[in-house]
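Subject: Structure handover

Hello,

Here is the structure for you to look over.

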Amino acid sequence: MQAPSIGGAILPRGNGSVVRLARGSSLSDFADKIDANPASMVQALFHLGEMVTATQSVSDDILELLGSEMGYDVQIVSPEDEDRELLSSFDLSFGENEGGEEDLVARPPVVTVMGHVDHGKTRLLDAIRSTNVVDREAGGITQHIGAYQVTTHLGDDERLITFIDTPGHEAFTAMRARGSQSTDIVVLVVAADDGVMPQTVEAINHAKAADVPIVVAVNKIDKEGANPQKIRQQLTEYGLVAEEYGGDTMFVDISARNNTNIDGLLESILLTADAALDLRANPDMEAEGVAIEAHLDRGRGPVATVLVQRGTLRVGDSIVAGNAYGRVRAMLGDNGENVAEALPSRPVQVLGFTSVPGAGDTIMVVEEDRVARQVAQSRQARSRKAQIGNRRRISLETLGEALAENKVEQLTLIIKGDNSGTVEALEDSLLKLDVGEEVNLRVVHRGVGGITQDDLNLAMITEAIIVGFNVKPVRGVAELADREGVDIRYYTVIYQAIDEIEAALKGLLKPEYEEVAMGSAEIREVFRSSKFGNIAGCIVRSGEIRRNAKARLLRNGVVINDNLAIDSLRRFKDDAVEVREGFECGIGLGSWNNIEVEDEIQTYEIREKPRS
Ligand code: GDP
């Protein structure tokens, strides 16, 4: 049934039928579902005042608006919902069917150690491990698999505790960024001779954001000048009030170096777990868990450390982990021992995946290999699609729109600066900005130092914009931010930062772009191939040539084509990612074959122009 409706576009009439669309779908995806012409949908939406292309990912509101105009009940499905649906189409679920009360059995707490650099996290993890090794049958040598379990006594009971042994905050935040929570308790290490430092605060913020209780380990009490009471005092400012001061946070004075009071710390972890958490799981079900670490081992193939969260994992199980799948060929414990069965909260290294899962991926056992493969493949297909539908996060430029569309009511910021004075000054001034009632400014984290992967992870979880004052991202972080669409703003003058954020809040900011030259190469020889088209034999004259870079071709200094890309790049017989100045390489410009000796290939990037 056709209905000439919106703005002259011929569209099907929905008559109230339900259409389910993945978050971030495009008009094309929508059109597919209802068998409409995408161009008509673009036209209709234009008439409704929104200009988008057919393949562009659009907001929930737009999908719903257009749907309702056409008489459809559009239901937006989040990535989590989508995965749930995908699993249920295979008659599977994750984290949902754990049986009744009677099936639940106590499981050990899973602990992550966090704190400022050099305050003793690594030393503490070593101390705990070496003094409390689980006495399982003759194992081999200690293996670092990303987590370990220890035994300790609480009263007459012997209890287990699982420690994630990658110190630093990355593992914790990376997992949360992927939607999995593996940590039950955070041990916050603070050196008694140093005090609360930027990463101490960062750790507190991470733990609070994840709603995970904290046990404070006041470390290095053996050192001269150690002042454990000062630490207690300092931390009250961050809402961590020691029990002896009437609060509910346990503080334990330790020396990781001298193994002092490690047992006291373990006891406090258990007491905190017993008081604040109900840690139980059903061991009698197909195992579910999370990958905390994974890599490709030369001899053994993909190796993943799995933390079992529910059920029991067994050798021979068919498993799927995110986009990867396989069958458990062997399991190794943290002492290098072979493990046949892993109960909840037990970390084991799993061999037998056909590819490497991602850290933070959920893991589940399924009935047979075929199902594992199909689930993994469906997820792969979906994540490819999601990558194409480039997910757009909030940036200062889009903030105005997001506010107008009521998508956000607050601007969330992470502030990093070169010293704590300026960071505080900036935060104070920003929080004082008067931008009316509708919008709220929230600072989820502030700290001193470069912009790290942790900051980025937190920004992804909280949809925050990162403000860098006289600081830059540490290596690799800028690229990642780019890929993940996290907006990082750099400033060197406080007033400029304030002005710009105020302007953004008022919806006035427009992005500016500039071209940045990356490299140039001279064509020395042209190889004609019927299969690959013409390949330019080049020497790189300046900078570097990267595969996939945008490119233009010049002949005698005149631009012949400005809209090319380095489609293939080779050094001798091998594919190369980049080739630097002075080296020879073969370049293919995709379907563009009009190349001649002495032509110049220039590559460039379009970057957002830093405001000055
Ligand atoms: P991380 O950066 O937090 O992992 O810190 P490390 O565990 O690497 O420790 C940093 C430094 O502090 C090392 O030189 C440790 O030997 C030292 N350290 C750690 N714990 C103690 C302690 O309890 N007492 C003393 N005196 N030194 C410690």
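Below are the conventions, then the findings.

This is a predicted model: local features need pLDDT of at least 70, side-chain atom pairs count only at pLDDT 80 or more, and totals for chains, interfaces and linings use all residues. Numbering starts from 1 along each chain as its sequence is written, and side-chain values use heavy atoms, with hydrogens and water left out.

**Helix 1**

Helices (H or I, at least four residues) and strands (E, at least two) are DSSP runs, numbered from the N terminus. Buried means under 20% relative accessible area, exposed over 50%, and partly exposed in between (1.4 Å probe, protein chains only). Helix 1 covers residues 27–34, and L27, S28, F30, A31 and I34 are buried there. Viewed down the helix axis, these buried residues fall within an arc of 160° (taken from the directions from the axis to the C-beta atoms), so they line one face of the helix. D32 and K33, on the other side of helix 1, are exposed. Contact means heavy atoms within 4.5 Å. The buried residues of helix 1 pack against strand 2 (10–12), strand 3 (18–22), helix 2 (38–47), helix 3 (60–70) and strand 4 (73–77). D35 follows helix 1, and its phi is positive, near 60°.

**Nonpolar cores**

A nonpolar core is a set of buried Ala, Val, Leu, Ile, Met, Phe, Trp, Tyr and Cys residues joined through side-chain atoms within 4.5 Å. The largest has 26 residues. L124, I128, I161, F163, V187, L265 and I269 have the most contacts inside it. Helix 9 gives the most to this core, with 6 residues. Another core, of 22 residues, lies apart from it and includes I34, A36, A44 and Y72.

**Helix 5 and helix 9**

How do helix 5 (residues 121–131) and helix 9 (residues 262–276) pack? Their angle is about 95°, with the axes 10 Å apart. The two helices are therefore roughly perpendicular to each other (65 to 115 degrees). L124, A127, I128 and T131 of helix 5 make the contact with I262, L265 and L266 of helix 9.

**Two single sites**

Q309 lies in strand 14 (residues 301–310). Q309 is buried, at a relative accessible area of 17%. Leaving aside neighbours within four places in sequence, Q309 contacts residues including F94, R107, E288 and P344.

V486 sits in the loop between helix 14 (477–484) and strand 24 (488–491). V486 counts as buried, at 9% relative accessibility. The C-alpha atoms of V486 and M460 are separated by 6.9 Å, although the two are 26 residues apart along the chain.

Best regards

Conventions. Axes fitted to C-alpha atoms, helices over the stretch in contact; angles between N-to-C directions. Parallel < 35°, antiparallel > 145°, perpendicular 65-115°, else oblique.
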